[in-house]
Amino acid sequence: MQGAAETLFFLSAPLSFCSARPSGALTLPHIQLSPPMESYSWEDLQNIFLMQGFAGISLFSVLLLMGLGLAVIFGQMGVINMAHGEFMALGAYTVYLCSTLTAEYAPSFGPYYFVVAIFIAFIVCALVGAAVEWLMIRRLYHRPLDTLLATWGLSLIMQQTFRSTFGAREVTPTLPEWLMGSYSPKEGLDIPINGMFVLGLAIAVSFALLLFMYKSSFGLRLRATVQNRKMSGAVGINTNSVDRLAFALGCGIAGIAGAAFTTIGSTGPDSGSRYIVDAFLVVVFGGAASLMGSLASAFGIAQAQSILEFFLEGTKGKVATLLVIVVALMIRPQGLFPSKVRAH
Amino acid sequence: MIFFRTLFKTKGEAISFAVFVALIAIILPLALPIFRLNLVGKYLSYGFVAIGLVLLWGRCGILSLGQGVFFGLGGYCMAMFLKLEASDPVSTSIQTTPGIPDFMDWNQITQLPWFWEPFKSFTFASCAVFLLPGLIAFIIGWAMFRRRVGGVYFAIITQAIALILSLGIDGNQGFTGGRNGITDLKTLLGWDIRTTGAQYTLYFLCVFLLLASALLAKYIINTRFGRVLMAMRDREDRVRFSGYDVAMCRTFVFALAAMLSGLGGALFVLQVGFMSPSLVGIIPSIEMVIFTAVGGRLSVIGAILGCLIVNFGKTAFSEAYPDAWLYLMGGTFIAVVMFFPDGLAGILDKSGTLKAKLSTLGTGLMKKLKPAESAEKASAAVAEIPKTAEP
Amino acid sequence: MSDRNFVLEVEDLGVSFDGFKAVDGFNFYLNRNSVHVIIGPNGAGKTTVLDLICGKTRATSGSIRFKDRELRGTREYKIVRLGVGRKFQNPSIYENLTVLENLELSHPTGRGVFGCLFFRRTPEIMGKCLEIAEQIGLADKLDTEGGILSHGQKQWLEIGMLLMQNPEVIMLDEPVAGMSVRERQETSQLIRKISQNRSVIVIEHDMEFVKEIADRVTVMHMGKVISEGSMETVQNDPKVIEVYIGH
């Protein structure tokens with residue numbers, strides 16, 4: 001997602017300044033990125049907004065996929081999965097593994113493996129998720145804060161497992177040719193194809209999830225359990241297995257998010273944890289468990305970050321976005337699309 | 001006497017507190033070389049955060065994943081004062097602009113930023129150490145508890161605040177020292193804090209303030225306020241409809257926990273000699289929750305011991321097996337949360353209750369043997385009720 | 001309408017949940033020192049009315065005046081401090097505190113943060129606790145933990161906790177649900193006794209019990225008042241009969 005931004009930084013000739021430190025301690029070079037707004041022509045600004053907008057779309061897609069997974073779990077059980085980022089990383093590593101295996105054993109399958117890898121990532125994460133639910137989450141039922149802490153413990157373990165298995169260095173799967181490059185409808189404007197692909201994937205998953213929730217019998221059971229757990233149990237819905245499936249589904253979607261992530265960045269053991277706070281905010285800011293809300297807030301957060309990142313130096317764009325969301329949540333804690341169930 | 005009763009409900013509590021005092025104030029200083037003792041002092045400064053978490057999380061049921069924010073604010077307030085003292089024009093004469101902290105000079109800042117100015121005063125800095133975290137916590141708490149935000153939401157929002165502050169400090173190198181933090185702190189009002197003598201003094205200052213804070217927390221827990229906190233955790237509506245301002249009570253506890261954390265941060269800086277955003281963000285904030293959980297979220301002493309045990313474990317274990325450390329930490333944490341939610345203190349307590357049960361069984365048998373005497377005792381106990389009710 | 005004899009005047013009260021009007025144009029006048037019972041089929045909006053009066057739910061229209069003070073928009077704890085107490089449908093007591101501690105925690109002294117911190121158990125407070133414990137029949141259970149009381153005793157304890165606050169209006173949501181016949185009798189005596197110097201609003205289904213305690217009865221259906229008056233008047237009202245038997 002940084003690609004387009006970096007090209008533009010390069011064009012606008014950033015003034016970089018490395019400090020000479022006598023102490024020899026490690027420092028970040030201080031980079032002056034942003035010339036004043038006046039120095040851009042109208043044309044430039046238009047292109048910047050468009051390009052950062054498209055860069056934001058990749059971020060939006062990943063955040064949306066992360067948020068959807070979290071929202072399914074949070075909506076179903078009122079539980080926050082702190083290891084959700086690690087499930088995303090698990091998905092990404094699965095794709096990486098598929099890529100390596102394909103290159104090794106079936107190079108001719110190279111151009112197509114990615115589509116299959118997405119499904120495998122989903123299945124692997126869903127299976128691990130189901131196991132985690134069985135071993136851990138169901139034993140912590142009615143203790144949402146403790147679940148949050150226990151899943152954080154899990155995230156430590158998963159991160160270390162990634163580090164031991166794949167090493168501390170970031171890995172990138174070989175992406176098929178058709179995902180590379182960009183489409184230029186006019187000069188000075190490049191739309192990356194991987195971004196469009198990821199967007200398509202996120203939209204497809206959202207629709208599939210909506211269909212699943214509102215058309216399948218499992219979706220019906222799931223929604224019934226959310227609304228009245230006791231009653232659902234009484235009418236013969238096995239709420240335990242609904243919980244397990246919901247958790248697995250949420251983790252599986254995180255796996256797809258991981259697959260999407262590989263097209264826009266490289267995967268390291270702590271890749272997931274970098275997105276987790278944003279993903280939480282997507283869910284909370286969208287309004288608990290509202291799919292529409294997740295969609296709107298993922299879009300807002302991703303675009304704000306992406307565009308602000310260009311005009312403000314370093315992490316200030318992210319800080320500004322997060323700050324606005326936190327203040328908004330303090331004023332309106334129910335989020336954008338609150339659930340309209342009568343409170344008890 | 002009444003005051004003592006409020007602090008320690010049982011004899012066992014008083015004894016365990018005395019043992020704890022002996023451990024950190026006498027045994028450890030005598031047994032450990034100053035390098036190790038300084039390390040204990042550093043861990044004890046996390047103890048302040050743990051005390052706050054016992055009140056906030058254990059007693060009040062509110063999990064904050066942003067206590068590092070307040071620890072960091074307190075620490076930065078102290079570090080800013082010390083840094084200004086270390087950056088006098090003489091010792092910084094090689095800089096382009098002498099008299100400002102070195103990292104500002106490296107970032108081509110030529111004038112001390114306005115918000116650094118008041119930190120030239122020791123009085124201001126030492127008040128800001130706990131007042132600033134308290135004020136910020138009060139504002140956040142008031143905004144959120146008034147709107148009934150709690151539980152998982154509160155945890156996530158405080159976590160986001162921790163991320164914001166650590167990124168904000170990290171990204172403004174010229175004003176805050178950036179990722180390296182504020183380093184090379186030398187003297188406090190002319191007193192060199194790096195000497196062995198100063199480190200001993202600071203250790204005992206830390207122990208003294210920690211014990212005072214622990215007693216304050218124990219006092220709060222055993223007053224009506226402490227009971228209201230527990231009642232709020234379990235039956236929020238009943239408390240509200242008994243005429244208590246639930247939001248205000250929670251805000252107060254959150255602000256108090258923040259003030260304690262700020263104090264801990266300041267003592268950390270004095271003993272360790274630096275402050276950096278790595279002590280502010282998501283991971284340190286949640287680690288402090290781990291210390292508290294391992295020690296026992298309901299027990300003040302337990303939580304402080306949790307800080308010592310986990311950190312010593314980390315030092316010892318991560319040196320020997322750096323790879324396995326995260327497994328151990330994650331695994332321990334899952335185990336504690338799932339099977340021992342009251343932590344070490346809870347485990348010890350249970351064995352205590354077992355003993356108590358055995359002894360009541362014993363006295364019960366005795367009563368059966370001597371019914372007349374036990375009846376006498378019972379009437380004496382009844383007569384005693386109004387006495388204990390007296391103030 | 002502002003009659004000095006009314007301690008609580010509710011006029012044109014309404015609330016809608018996402019378009020559904022749970023309470024609509026509700027009028028209600030509470031006499032001093034009397035027992036006023038609200039009855040009605042399930043889902044009539046009875047509990048919602050109590051929620052609206054005590055501030056748990058925000059009304060969308062109308063007014064609630066308590067001794068000429070508007071309660072609508074006042075925060076819950078302030079309404080309680082003004083003198084309106086509320087008991088919940090399921091007994092809501094502090095299970096891990098003793099009966100005495102439950103009562104003491106409800107005493108109005110020291111309800112602010114610092115009041116709590118410097119609270120001391122004075123002889124007056126102790127005396128008040130004992131008096132109330134006597135009244136609710138739990139005087140011999142002062143040191144029993146709330147959690148191990150019987151269901152009926154829990155209900156009484158919660159009423160006792162309200163009495164500790166000495167409110168002028170007490171609202172009881174189904175106080176005898178799940179009680180034995182004997183416990184019901186004792187409860188009706190208790191309600192008669194406490195209404196000697198305060199007003200009581202009761203929600204109840206049990207008609208025998210209502211007959212015993214009610215000075216006045218309001219019948220609700222679909223969020224509206226359909227009849228009001230003494231028990232006999234209401235019982236003979238054709239609209240009421242239709243609602244209860246008609247469908």
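Q: What makes C:Arg86 and C:Met171 opposite residues in this predicted model?
A: C:Arg86 stands opposite C:Met171 in strand 7 of chain C. A strand here is a DSSP run of E with at least two residues, and a helix is one of H or I with at least four, numbered from the N terminus.

Q: Why are strand 6 and strand 7 of chain C called a pair?
A: Two strands pair if DSSP finds at least two bridges between them. Strand 6 and strand 7 (residues 169-173) of chain C have four bridges, in the parallel sense, so they pair.

Q: Why is strand 6 of chain C called an edge strand?
A: The open, mixed sheet of chain C runs in the order 6-7-8-3-9-10. Strand 6 (84-87) pairs on one side only, and so does strand 10 (224-229).

Q: What is the area buried between chain B and chain C?
A: Buried area is the accessible area (1.4 Å probe) that two parts lose on being put together, summed over both. For chain B and chain C that is about 3,100 Å², with 58% given by carbon and sulfur atoms. In chain B, the most area is lost by B:Arg224, B:Arg238 and B:Phe241.

Residues are numbered from 1 along each chain as its sequence is written, and chains are lettered from A and ligands numbered from 1 in written order. In this predicted model local features need pLDDT of at least 70, side-chain atom pairs count only at pLDDT 80 or more, and totals for chains, interfaces and linings use all residues, while side-chain values use heavy atoms, leaving out hydrogens and water.
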